[in-house]
Amino acid sequence: MFQRYLNWQSLFVLVAIIIAILSIIYSNDLTKKLAVEEQNKVEAVAKALEVAGKNALSPELDLAVQIISSNSTIPLIITDQQNNVLDYNNQPDIAETNDEAKTLTILKSKIEEYAKFEKKIEVKINDSTSQYVYYGESALMQKLRVFPFTILGIFFLFIILLLYFLNYSNRYIQDKVWVGMSKETAHQLGTPLTSLVAWLEHLKDKYKDEEIVGEMGKDVDRLQLIADRFSKIGSQPNLEFQPLIPIVESTIEYMQLRAPKKVIIELETSVAKDIQLELNKPLFEWVLENLVRNALDSLEGKGHIIFKMYEKDTQVILDVSDTGKGIPKSSWKRIFNPGYSTKKRGWGLGLSLSKRIMKEYHHGDIFVKQSELGKGTTFRILLNKI
């Protein structure tokens with residue numbers, strides 16, 4: 001399902017890019033046609049000036065004047081051979097000032113700008129006299145040049161928002177699925193657990209001195225704890241001030257007993273022994289156990305797992321390192337995605353739930369701090385002291 005979702009996203013983005021390219025091509029074509037049309041209009045104005053300058057009594061003078069005065073869109077500046085301004089038209093910057101010196105400065109600047117883009121036409125008044133028509137782009141042309149980029153900006157903003165919404169919806173659906181599975185798991189464990197507790201009480205009465213009964217009791221208690229953990233996923237758990245070091249020590253002790261004999265789990269800490277943090281003990285222990293289980297899978301029967309704790313500003317930092325196979329850098333973030341797993345067995349929920357427990361419930365974080373193939377991995381947990 002997720003692969004189909006990613007393919008659909010890719011197709012959507014590809015179609016958007018094609019539309020964007022076609023929009024730019026079409027807009028550029030329109031711009032070129034309008035530029036040619038405006039140049040033709042300016043050439044007509046230049047021709048009218050030439051006619052008017054050669055013979056003030058020509059019958060074509062009225063037409064020339066009409067052509068010149070009809071221009072209400074294209075900015076023009078008419079100069080003599082020494083670039084002295086003779087007339088100008090459609091200059092919105094000048095309309096805002098009554099200062100002649102400032103007006104002249106603006107016109108000179110515009111002349112340089114138009115000349116830079118070769119927007120200049122010579123008008124031959126006679127054999128010894130010429131005038132020059134400098135021209136710019138109409139407001140319509142300027143808007144048309146900017147228009148495709150504005151549309152593309154809005155278009156891509158829409159795409160980004162849509163993809164964000166789709167991604168958010170996808171994560172929401174995933175969360176609902178995992179939460180539903182967690183609660184269903186807790187529910188399914190409830191019935192056999194109730195039966196096991198009853199049978200255990202019966203065995204305690206009959207074989208009260210047998211060591212095996214006590215060990216079975218511990219395992220049943222553990223199953224009840226696991227069911228309780230699953231039942232808490234999806235609801236806001238209670239946080240209480242808990243002594244941090246005893247929780248970590250008890251988790252290490254529990255996992256050491258169940259680890260291969262050639263695996264050593266150690267704790268190094270500079271944190272104050274009496275420090276207490278707001279924690280949900282069952283869920284936080286679950287996070288630690290998930291990290292140790294992943295480390296044990298990576299170690300494949302021998303190696304070290306080291307817990308290192310220290311304080312920094314308002315946080316307690318807990319690094320869990322192993323000497324196992326390591327994780328490719330491309331997978332550092334993906335391993336926290338629901339369903340992602342490199343193992344043949346399992347649903348890929350452990351690290352995903354750990355991330356949720358740390359970020360959403362404890363307002364801390366968990367991430368891969370460092371990993372190198374063949375040398376090991378370090379996960380970092382951030383806990384707030386306040």
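Guide: A salt bridge here is a side-chain nitrogen of Lys or Arg within 4 Å of a carboxyl oxygen of Asp or Glu. The model is predicted: local features need pLDDT of at least 70, side-chain atom pairs count only at pLDDT 80 or more, and totals for chains, interfaces and linings use all residues. Residues are numbered from 1 along each chain as its sequence is written, and side-chain values use heavy atoms, without hydrogens and water.

Visitor: What makes glutamate 360 and arginine 356 a salt bridge?

Guide: Their closest N and O atoms are 3.8 Å apart. The cut-off is 4 Å, so the pair qualifies. Both lie in helix α9, 4 residues apart, which means a separation of about one helical turn. Helices are DSSP runs of H or I, at least four residues; strands are runs of E, at least two; both are numbered from the N terminus.

Visitor: Why is arginine 356 called buried?

Guide: Its relative accessibility is 17%. Buried means under 20%, exposed over 50%, partly exposed in between (1.4 Å probe, protein chains only). Arginine 356 therefore counts as buried. Glutamate 360, at 42%, is partly exposed.

Visitor: How do you know that lysine 385 and glutamate 311 meet in a salt bridge?

Guide: The N to O distance is 3.0 Å. Lysine 385 lies in the segment after β11 (376-384) and glutamate 311 in strand β8, so the pair ties together parts 74 residues apart in sequence.

Visitor: Why is glutamate 300 called exposed?

Guide: Its relative accessible area is 59%. Glutamate 300 also pairs with lysine 325, at 3.6 Å between the closest N and O atoms.
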